[in-house]
Amino acid sequence: MYKYLRINRPNQLTIDSIAKKLNLNIYYGKFSFRFGKDLIIQESTKQREWQLFGHEVGHYLRHCGNHLAMNRLFIDLQEWQANHFAYHFCVPTFMLQNTDNLSIYTIMNLFNVECDFATRRLEMYQNKLYEEGKNHVLSKIQNEIWTD
């Protein structure tokens, strides 16, 4: 999505610029929620607002329906999906790959997120790298077995 929107650097990750490109209306209030193309973001720190924006964009892009008429388990699933989306939206993998000296502190400052959010996103990224490495080794072993 970011490549389509021509966003390729962390300093381009702002609520106003992305909302404009996605044709979303942003309002600030006491709670965060989405209603059609209107996203209401709970007033907080700039970091928290960015994370909440990512969560609500996740709902906008992936979900439809009225929470008032949904089964609680389905609501929980949608909330989990929006939370997961927010990590990748707020701290994109392709930008992490181009980041030197990757640390929690670097992620916090470069992507304007809170410490807990940066910690979890770094764990997710490291797990991805670990899985890719493990899969590469397993694939190499399988190839050696089948070619011998």
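Biologist: Among contacts between residues at least 6 apart in sequence, what percentage join residues at least 24 apart?

Modeller: The structure is a predicted model. A contact here requires heavy atoms within 4.5 Å. Considering the contacts between residues at least 6 apart in sequence, the share that joins residues at least 24 apart is 47%.

Biologist: In what order do the elements of the chain run from the N terminus?

Modeller: The chain contains six helices and three strands. Read from the N terminus on, their order is α-β-β-β-α-α-α-α-α.

Biologist: Which residues lie closest to the centre of the largest pocket?

Modeller: The largest pocket holds about 340 Å³ of space. Its lining is made up of 14 residues, and the closest to the centre are Phe33, Arg34, Gly65, His67 and Glu79.

Biologist: Which element gives the most to the lining of the largest pocket?

Modeller: Two or more lining residues come from each of strand S2 (33–35), helix H2 (46–62) and helix H3 (72–90). By class, the lining has three nonpolar, eight polar and three charged residues. With three residues, the element that gives the most to this lining is H2.

Notes: Residues are numbered from 1 along each chain as its sequence is written. This is a predicted model: local features need pLDDT of at least 70, side-chain atom pairs count only at pLDDT 80 or more; totals for chains, interfaces and linings use all residues. Side-chain values use heavy atoms; hydrogens and water are left out. Helices (H or I, at least four residues) and strands (E, at least two) are DSSP runs, numbered from the N terminus. On a 1 Å grid over the protein atoms alone, a cavity is a set of points where a 1.4 Å probe fits but cannot get out, and a pocket is an open set with protein on both sides within 12 Å along at least five of seven lines; lining residues have an atom within 4 Å of a point. Grid points are joined across faces, edges and corners, and a volume is the space filled by probe spheres set on the points. Ala, Val, Leu, Ile, Met, Phe, Trp, Tyr, Cys and Pro count as nonpolar, Asp, Glu, Lys and Arg as charged, and the others, Gly among them, as polar.
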